[in-house]
Amino acid sequence: MYKIFKNDIYPFCLVVGGLEDVDDINNEYEDYNREDIIPHRTVEASTYPAYRKGTNYSTVCVLFNVKPTIRLIAHESLHVTHLVLDVLCNVPLSDATDECYAYLIGWIAEKLDEYRNLII
């Protein structure tokens, strides 16, 4: 069962699921090449930039291959934050932007933890 979290500040939504959700996720979302998201099955989790199908609405998809741990949540939160701020919004990490990064990492970690609590 995957979960969608819409962000009210930055122009993206966060889609979180497990490898078993890939087919359902691919019904609604596609990667940046407008193709199906193909998960990496040999890692604990992967983060993918994506679009909602038929739109240019940016999405970041996190797929877990294992039950998320705090370490894994922190790890993937950084990847998602980099995709949103540096890639989508063109806001590189610096002394002037580190607070934006910190707040977004916190929001993402909270949402990944919500997902973890749903699947426990």
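Which residues does Ile25 touch, not counting residues up to four places away in sequence? In this predicted model, Ile25 touches Tyr2, Val15, Ile37, Cys61 and Leu63.

**Ile25 in helix H1**

- Ile25 lies in helix H1, which covers residues 22-28, and because its relative accessibility is 1%, under the 20% cut-off, Ile25 counts as buried.
- Tyr2, one of the residues that Ile25 touches, is 23 residues away from Ile25 in sequence, yet the two C-alpha atoms are 7.6 Å apart in space.

**Helix H2 and its surroundings**

- Helix H2 runs over residues 70-88, a stretch of 19 residues, and spans 26 Å from the first C-alpha to the last, which is close to the 27 Å expected at 1.5 Å a residue.
- The buried residues of H2 are Leu72, Ile73, Glu76, Ser77, Val80, Thr81, Leu83, Val84 and Leu85, a list that includes Glu76 as well as residues such as Leu72 and Val80.
- An α-helix has 3.6 residues a turn, so residues three or four places apart point the same way.
- The partners against which the buried residues of H2 pack are strand E2 (13-18), strand E4 (45-52), strand E5 (58-64) and helix H3 (98-119).

**The packing of H2 with H3**

- H2 and H3 pack with their axes 8 Å apart and at an angle of about 130 degrees, and the two helices are therefore oblique to each other.
- The crossing that H2 and H3 make is right-handed.
- On the H2 side, the residues in this contact are Ile70, Ile73, Glu76, Ser77, Leu78, Val80, Thr81, Val84, Leu85 and Asp86, and they meet Cys100, Tyr101, Leu104, Ile105, Ile108, Ala109, Leu112, Asp113 and Arg116 in H3.
- By type, the residues of the contact of H2 with H3 divide into 13 nonpolar, 2 polar and 4 charged.

**Arg116 in H3**

- Arg116 is found in helix H3, and Arg116 is buried, with a relative accessible area of 17%.
- Leaving aside neighbours within four places in sequence, Arg116 is in contact with Pro68, Thr69, Ile70 and Ile73; Ile70 and Ile73 are also among the H2 residues that meet H3.

**The loop between H2 and H3**

- Asn90, which comes just after H2, has its place in the loop between H2 and H3, and although Asn90 is not a glycine, its phi is positive, at about 55 degrees.
- Asn90 is exposed, because its relative accessible area of 63% is over 50%.
- Pro92 is found in the loop between H2 and H3 and is partly exposed, with a relative accessible area of 46%.
- The C-alpha atoms of Pro92 and His82 are separated by 8.2 Å, the two residues being 10 residues apart along the chain.
- Not counting residues up to four places away in sequence, Pro92 touches Asp86, Thr97 and Tyr101; Asp86 in H2 and Tyr101 in H3 also belong to the contact of the two helices.

**Arg34 in the loop between E3 and E4**

- Arg34 sits in the loop between strand E3 (29-31) and E4, where Arg34, although not a glycine, has a positive phi of about 65 degrees.
- With a relative accessible area of 37%, Arg34 is partly exposed.

Definitions and conventions. Residues are numbered from 1 along each chain as its sequence is written. This is a predicted model: local features need pLDDT of at least 70, side-chain atom pairs count only at pLDDT 80 or more; totals for chains, interfaces and linings use all residues. Side-chain values use heavy atoms; hydrogens and water are left out. Helices (H or I, at least four residues) and strands (E, at least two) are DSSP runs, numbered from the N terminus. The expected span of a helix is 1.5 Å times one less than its number of residues. Buried means under 20% relative accessible area, exposed over 50%, partly exposed in between (1.4 Å probe, protein chains only). Contact means heavy atoms within 4.5 Å. Axes are lines fitted to C-alpha atoms, for helices over the stretch in contact, and angles run from 0 to 180 degrees between N-to-C directions. Angles under 35 degrees count as roughly parallel, over 145 as roughly antiparallel, 65 to 115 as roughly perpendicular and the rest as oblique. A crossing is left-handed if the near helix is turned anticlockwise from the far one by less than a right angle, and right-handed if clockwise. Ala, Val, Leu, Ile, Met, Phe, Trp, Tyr, Cys and Pro count as nonpolar, Asp, Glu, Lys and Arg as charged, and the others, Gly among them, as polar.
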